[in-house]
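Thanks for coming. Please have a look at it first.

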Amino acid sequence: MMIIEAKSINKKYQDHVALKHIDISIKRGSIYGLLGPNGAGKTSLIRIFTQITQADSGTILFNQETLQSKHIFEMGYLPEERGLYKKMLVGEQLLYFAELKGLSNKEAKLRLKYWIDKFEIKDWLGKKVEELSKGMQQKIQFIATVLHEPKLIILDEPFSGFDPINSQILVDEILLLKDKGATIVFSTHRMDSVELLCDHIALINKAEKILDGPVNDIKQQYKSNQFEIIYTGSALVSDELIEVNYTKEKNGQHTTVLSLQNLISTNRLVQHILNNPIDIKGFREKLPSMEEIFIMAVQQKNNFKNA
Amino acid sequence: MHKIWLISKREYLTRVRKKSFIIMTFLSPVLIALFYGIIIYFSINKEIADDNKHIVVSDESGVFLNNLKSNKSITFSYRNVTESEIKNILKNGSVYGVLMVPDSLSKESSKIRLLVNEQPSLNTITNIENQLEILLKNKKLSENGIDKKILHEINQTSVEINTVKLTDNGSENGNSGVTTLIGFAGAILIYFFIFLYGVQVMKGVIEEKTNRIVEVIISSVKPFQLMMGKIIGIAFVGLTQFILWIVLVALLSIPVSALVMNFMDVGTEALTKGNDTLNQAKNAGVENFLSDLGNFNFGLLIGMFIFYFISGYLFYGALFAAVGSAVDNETDTQQFMMPITMPLIFSIALAQSVVVNSPNGSLSVWLSMIPFSSPVVMMVRLPFGIPTWQIIASMICMALGFIFTVWLAGRIYRIGILTYGKKPTYKEIWKWFISKN
């Protein structure tokens, strides 16, 4: 069941194309990552979902209905450029945003209570936003995004400006919201930061989607049968089964990345290596990082175009 | 509508609760009252501003001898002084000046000299001149055998034309100075309201842009709703402030005017000559004033004032909002403010000259039709009595005008608020305006 189904979205600003034939389907209850470098078109796409702007062409379904203004009540949006009214009291501000999202004042107060207890912010409510630290402001902004319990939560570069502790709090909250049935869409240019969190991703580059699918599938698809071995003893060398890509040595401990000459099982590989006089400390399959996949995918796309 | 209401409520409450609003609202009438109180006080008691000055009168003609009245700031004493003595007398320090009156005065009054160490104030000179003039006049009257009383009566002749306008419903009395003044006050109020609160709208929009809050809001409401909510909210802030000012000024004016009246009595008592004339003129003026007020259709004037007050503010407020949306900071607004403020300044300037002098001239009629100038110009024209069709036409133009500017501003605003970076050119703003979304 898809919460968002976008087909062939095009968007052009005065002189440049922001989105070109984008198809994206977001499964309900999943965490979806929109990845791509700055200026790729992620924010443009998000602004179309949140109805801040409209696509020049293409269709968007929200829960099987054509996207329309009533749906904004079911979305929560944390823009990349954060902002709160600095002179306004925290409590009033949160209620104001919730009311703009269609909650009654009473309902908003009720739901706010949950977050007050959770983040222990009771003392902040009567303060002006400008009196809070940046981390506190980020939390307030996050509460403002989710207070009306949206079905779809869209977070544009959610981790920028968060310190590691607050990032972890945010991740925990996101996972909790997912458990409660919300769908979360991320956008970020720091591709490695969300690959552990996301179920699905789409890679966007220069207004075009170059790749999408479940994270695990993509990783498998792009893996290059590379392994990383950490060991002591004499350094490994290439032979008829393995090709050593590189070896690093630190304090008598070697880290070697190798690829297979022929397709063999992992057990066979370990047996083969153990023929050498070494003591294995660590062994893992080296999957490409999202960034590496991105680069490969962009190159493939370019090759495809040039061919 | 609900969202516009929510937004204007927020705008209203956050602004009204600001310290600066409270201080401005309560302090400025006090300051203005104080300011005018001081001005009125000193203008009535001019002498207070001057220290007492001792002037020695050397009157060879004998006309003024012992006839000049001393007051708080000037004391006259009389003795004949020769030219050579003057310097010594002034050197002494206790004497401020020596008034030298020559022997023969009939033709050459200009020969009267006041010799001083330092330039005397205008007040001092006028005071002495006035006294000399009256004494000299009286002398000439008696020399020529003219009865003072007869002359006084002749001088009192005054003619006032009572204008009567013939209308379809019979006749109604025309306007005079008082109603013109009321119309003018209305025009100035509208002018200030548009300026003060239009700029507030613009600043508010810029604030939302620089705080980067706008995108959060725009994901919940339409840009147009945000803009209208802001404009309406600020309008209510302005109205609140104006109403409080009127109430406060009314309350304050009681003690202030009592104070002024008190000084006035002292002042008038001090006037020895022409007292009756002054009072009579005053009474006539008050009568005219009251009859003017009675004759004039105040319902129309107040109704029109409210209409132009609100529509004029909406008309300009929307434009100010568009300017705010187009720029990132206040320093960049100058270029775009010009085309908005110029017509407003232009209309208040013309209202004071052309419109008042020729309220039914073609320029005045045109200015009262164009929405840029009509709120100000119409208020000035109204007391002179203008055809009903012109009022209706002007109101229709105004209504169409503000619908148009609100629409135009909305189109610029929706793109402007999400556009950051360098200051846009007029060409770019035009592109925003025509772009689909």
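Which residues have the most contacts inside the largest nonpolar core? Before I answer, some housekeeping: this is a predicted model, where local features need pLDDT of at least 70, side-chain atom pairs count only at pLDDT 80 or more, and totals for chains, interfaces and linings use all residues. Residues are numbered from 1 along each chain as its sequence is written, while chains are lettered from A and ligands numbered from 1 in the order in which they are written.

Now the core. The residues with the most contacts inside it are B:Ile231, B:Ala318 and B:Ala321, and the core has 130 residues. By nonpolar core I mean a set of buried Ala, Val, Leu, Ile, Met, Phe, Trp, Tyr and Cys residues joined through C-beta atoms within 7 Å. Buried means that 20 or more other C-beta atoms lie within 10 Å of the residue's own, with C-beta atoms placed from the backbone. Helix H11 of chain B, residues 298–326, gives the most to this core, namely 15 residues. Helices here are DSSP runs of H or I with at least four residues, strands are runs of E with at least two, and both are numbered from the N terminus.

Take B:Ala321. Leaving out residues up to four places away in sequence, B:Ala321 touches B:Val201, B:Met202, B:Val205, B:Met227, B:Lys230, B:Ile231, B:Ala409 and B:Tyr413. Touching, or contact, means C-beta atoms, placed from the backbone, within 7 Å. There is also a second, separate core of 12 residues, which includes B:Val57, B:Ile74, B:Tyr96 and B:Ile128.

Next, a sheet in chain B. It is open, has 4 strands in the order S2-S1-S3-S4, and its pairing is mixed; strands pair if DSSP finds at least two bridges between them.

On to chain A. An open sheet of 6 strands has the order S6-S7-S8-S3-S9-S10, again with mixed pairing. The twist averages 15 degrees from one strand to the next. S3 (residues 31–35) and S8 (residues 183–188) of chain A run parallel, with 5 bridges, and A:Tyr32 has A:Val185 as its bridge partner in S8(A). Helix H8 of chain A, residues 290–306, lies across S3, S9 and S10 of chain A, at about 130 degrees to S10(A).

Elsewhere in chain A, strand S11 (residues 226–233) is antiparallel to S13 (residues 253–260), with 7 bridges. S11(A) also pairs in the antiparallel sense with S14 (residues 278–286) of chain A, over 8 bridges. A:Thr232 stands opposite A:Gln253 in S13(A) and opposite A:Asp279 in S14(A).

Last, where the chains meet. The contact takes 20 residues from chain A and 16 residues from chain B. On the chain B side, helix H1 (2–16) and helix H8 (214–218) of chain B are the elements that give two or more residues.

Definitions and conventions. Two residues are in contact if their C-beta atoms, placed from the backbone, lie within 7 Å. Axes are lines fitted to C-alpha atoms, for helices over the stretch in contact, and angles run from 0 to 180 degrees between N-to-C directions.
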